[in-house]
Amino acid sequence: MSSASPVRVMSGNEVCAEAAMAAGLRFFAGYPITPSSEIAEELAVRLPRAGGVFMQMEDEIAAMGAVVGASLAGVKSMTATSGPGFSLKQENIGFACMAEVPCVVVNVQRGGPSTGLPTMPAQGDVMQARWGTHGDHPIIALTPYSVAETFELTVRAFNLAEAFRTPVILLMDEIIGHVNEKVRLPDSVEVVERKGPDTTPDQYLPYRHTEDGVPPMAAFGRAGYRFHVTGLAHDETGFPTNDPVEIDRLNRRLNGKLERHRDAIVDVVRHACDDAEVAVFAYGSVSRAARQAVDEARAKGIPVGLLRSRTLWPFPDVEVRELGEKVGTILVPEMNLGQMAHEVEWAVRGACHVVPFGRVDGLPIRPGQILELIEQAVSRAGAGVRA
Amino acid sequence: MTEYSKYLRLDKFPLIWCPGCGDGIVLKAILRAVDRIGLDRNEICMVSGIGCSSRTPGYVDVNTLHTTHGRALTFATGVKMARPDLTVIVVTGDGDATAIGGNHFIHAARRNIDITVILYNNWIYGMTGGQVSPATPMGARASTAPFGSIEPNFDIAALAAGAGASFVARETVAKPLLLDRLIERAIRKKGFSLVEVMTPCPTTYGRLNNAGDAVEMTLYLREHAVSKAKAETLSEEQRQDAIVTGVLVDLDKPEYAEQYARLAERLRAPAAFSRA
């Protein structure tokens with residue numbers, strides 16, 4: 001970051017809009033919903049000045065449809081919502097997965113289920129981000145833990161979407177969306193553009209089974225690449241097929257394309273993990289509290305570490321397994337009733353204890369609560385406090 | 001004489017539609033209109049939802065997008081705003097556009113965005129096997145209204161007009177040469193335009209309602225079609241089964257993409273005109 005950039009006080013939602021612009025966003029369609037509306041409000045001011053388009057649509061479904069349409073026409077596109085809206089968008093998110101349309105879907109999570117707690121934080125949509133739309137499908141979900149990190153991960157969301165022709169979910173939560181923090185934004189960011197066609201129009205296959213699993217993508221327009229896009233199972237030409245061989249091939253490439261690039265996508269931050277006997281797995285705003293709890297425990301001489309996951313999907317199973325083999329216990333505090341704890345348990349496959357800790361009363365998990373969990377785990381395990 | 005083959009993906013033939021379906025007549029009318037305007041294949045984007053009508057784009061050699069049920073207009077809105085230079089045509093049906101997609105239909109019309117909607121109205125859900133639609137006439141049978149529909153049906157053209165469309169027309173497939181003229185005018189119109197095309201579904205609607213074969217159903221459409229001017233002279237009772245055809249709305253009003261461009265220009269203009 002350049003020292004020339006001024007320090008600013010911004011909320012996560014404001015920074016998300018700022019980062020989206022820096023990443024090349026030129027089309028936003030949304031629908032008002034707490035606690036994400038500030039993203040739309042900010043972009044309503046920014047986009048028309050920057051040669052982009054902002055639209056408030058008639059509903060959440062329309063917003064998601066418009067985003068996919070604009071991206072197919074070659075423009076970087078995004079929408080932002082919260083739980084109820086995220087539910088409504090799922091069908092068209094599935095279309096974007098199937099038709100391989102890059103786009104970013106921001107979900108500033110609030111308490112659920114249903115209308116739930118519009119102004120209070122939660123992390124109840126982490127499984128919906130993975131499995132909200134029907135059928136096997138690939139998805140990427142990122143979880144920032146601070147305002148500054150929201151900038152970084154918003155840019156990354158666009159870059160991953162473009163690189164892998166896939167929707168990317170940016171899973172914020174009400175705390176990250178609304179908290180105001182000091183940030184120093186970078187002067188420039190690295191921006192990835194989608195891979196364009198490498199053939200003449202008559203040779204172009206919009207869903208070619210390429211070596212890296214990502215087909216080059218033309219844009220609707222006048223360049224002559226007239227291609228067909230459908231949510232139906234299709235072959236390399238993009239047209240519907242009922243051929244079981246082609247259908248199987250499509251589904252396996254679709255789901256395999258993120259798997260094979262998993263190492264480039266998965267992003268974890270390890271804090272004090274080297275000699276840890278107890279570890280915390282956390283993400284989003286909870287990982288912020290967890291970091292403080294770990295530092296406080298370390299000050300007391302407790303050997304505890306933190307694995308902070310900045311990508312929830314694909315899940316960092318290898319990294320979690322590795323950690324599970326080193327420590328006796330992994331604590332999983334989260335603002336839901338153990339959604340990711342299940343995933344952690346599956347990843348460690350019995351290598352260590354996994355202790356879920358869920359809070360679903362609309363209040364954030366405090367560092368003190370996590371510290372208490374750490375101390376309980378240590379005393380249960382009889383792990384000694386180092387002198 | 002239109003050389004249809006230049007606009008068609010002939011390798012995708014035969015068409016998915018049943019024998020006697022009117023959808024092929026609409027497809028040809030669209031191609032005649034496009035040809036007469038002289039549109040290049042690369043400058044058209046044809047978008048559809050789900051249903052029989054929505055299979056049309058697969059056969060047309062332009063930029064084509066077959067979306068989710070009812071949502072064609074939302075995707076089309078994104079395409080149009082990202083590439084205002086493209087001619088965007090939405091192909092949809094009565095169920096797709098006015099049931100599951102009803103909200104998008106009225107709002108696209110209200111916005112008056114420059115999209116042309118060709119709505120194939122066959123009074124029923126054909127592809128899924130003949131379920132009742134918002135266009136099914138009251139009393140008519142459908143697989144999910146086995147004792148006759150007890151719901152009033154939409155006047156789809158009036159719905160679009162009420163919502164703010166700048167061009168609204170209705171025609172039947174019994175008059176294909178009038179149909180392509182209306183589609184041509186709709187595409188040329190700057191703003192949201194709708195051509196509601198009455199087309200027979202002998203396979204589901206015809207069978208369930210003893211409405212006869214394709215020929216009989218097409219003759220029915222021809223016999224019940226009346227011009228707007230003539231409809232005004234009819235009594236309410238006479239108008240009951242009439243299909244009012246022709247141009248129903250033709251207004252000049254601000255179009256959304258142009259309004260947006262104007263706003264963007266104003267924001268880039270010197271401070272006196274700018275908000276900030």
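A residue counts as buried if 20 or more other C-beta atoms lie within 10 Å of its own, as exposed if 12 or fewer do, and as partly exposed in between. The exercises below apply to a predicted model.

**Exercise 1. Describe the overall build of chain B: its burial, its secondary structure and its dimensions.**

Step 1. Of the 276 residues of chain B, 53% are buried under the definition above.

Step 2. Chain B holds 11 helices and 10 strands. Its radius of gyration is 19 Å, close to the 19 Å that the globule rule gives for 276 residues, so chain B is as compact as a globular protein of that length.

Step 3. The C-alpha trace of chain B extends over about 70 × 45 × 35 Å along its principal axes.

Step 4. Among the contacts in chain B with a separation of 6 or more, 66% join residues 24 or more positions apart.

**Exercise 2. Work out which elements of chain A make up the side that touches chain B, and what classes of residue that side has.**

Step 1. The contact between the chains involves 36 residues of chain A and 33 residues of chain B.

Step 2. On the side of chain A, at least two residues each come from strand 2 (27-30), helix 2 (37-49), strand 3 (53-56), helix 3 (60-72), helix 4 (83-99) and strand 10 (228-230). Helix 3 of chain A gives the largest share, 9 residues.

Step 3. Sorted by class, this side of chain A has 20 nonpolar, 10 polar and 6 charged residues.

Step 4. Strand pairing also links the two chains: strand 10 of chain A runs parallel to strand 2 (residues 63-66) of chain B, with 3 bridges. Within this pairing, Val229(A) has Leu65(B) as its bridge partner.

**Exercise 3. Find the residues of helix 8 of chain B that are buried, and state whether they line one face.**

Step 1. Helix 8 (residues 214-224) of chain B has Met217(B), Thr218(B) and Leu221(B) as buried residues.

Step 2. An α-helix has 3.6 residues a turn, so residues three or four places apart point the same way.

Step 3. Viewed down the axis of helix 8 of chain B, the buried residues lie within an arc of 100°, so they line one face of the helix.

Step 4. Val215(B) and Glu223(B) are exposed, on the face of helix 8 turned away from the buried side.

Step 5. The packing partners of the buried residues of helix 8 are strand 7 (167-172), strand 8 (193-198), helix 7 (202-208), strand 9 (225-227) and strand 10 (243-250) of chain B.

**Exercise 4. Repeat the analysis for helix 5 of chain B, and state what follows the helix.**

Step 1. In helix 5 (residues 156-163) of chain B, the buried residues are Ile156(B), Ala157(B), Leu159(B) and Ala160(B).

Step 2. Their arc about the axis of helix 5 is within 160°, so these buried residues line one face of the helix.

Step 3. They pack against helix 3 (94-100), helix 4 (102-111), strand 4 (115-121), strand 7, strand 8 and strand 10 of chain B.

Step 4. After helix 5 of chain B comes Gly164(B), with a positive phi near 120°.

**Exercise 5. Describe how the two domains of chain A are placed and how they touch.**

Step 1. Chain A divides into domain 1 (7-184) and domain 2 (268-381), and their C-alpha centres are 27 Å apart.

Step 2. Domain 1 puts 23 residues into the contact, and domain 2 puts in 20 residues.

Step 3. Elements that each supply at least two residues on the domain 1 side include strand 6 (117-121), strand 8 (167-173) and helix 5 (126-131) of chain A. The largest share, 4 residues, is from helix 5 of chain A.

Step 4. By class, the domain 1 side has 16 nonpolar, 5 polar and 2 charged residues.

**Exercise 6. Determine how Lys190(B) is classed and which residues it contacts.**

Step 1. Lys190(B) sits in the loop between helix 6 (176-188) and strand 8 of chain B.

Step 2. Lys190(B) has 15 C-beta neighbours inside 10 Å and therefore counts as partly exposed.

Step 3. With neighbours within four places in sequence left aside, Lys190(B) contacts Asp114(B) and Glu255(B).

Step 4. Ala257(B) is 67 residues from Lys190(B) in sequence, with a C-alpha to C-alpha distance of 9.8 Å.

Conventions: Residues numbered from 1 in each chain as written. Chains lettered and ligands numbered in written order. Predicted model: local features only at pLDDT ≥ 70, side-chain atom pairs only at ≥ 80, totals over all residues. Rg over C-alpha atoms; globule rule 2.2 N^0.38 Å. Contact = placed C-beta atoms within 7 Å. Nonpolar A, V, L, I, M, F, W, Y, C, P; charged D, E, K, R; others polar. Pairing = 2+ DSSP bridges. Arc of directions from axis to C-beta. Domains from an automatic or database assignment.
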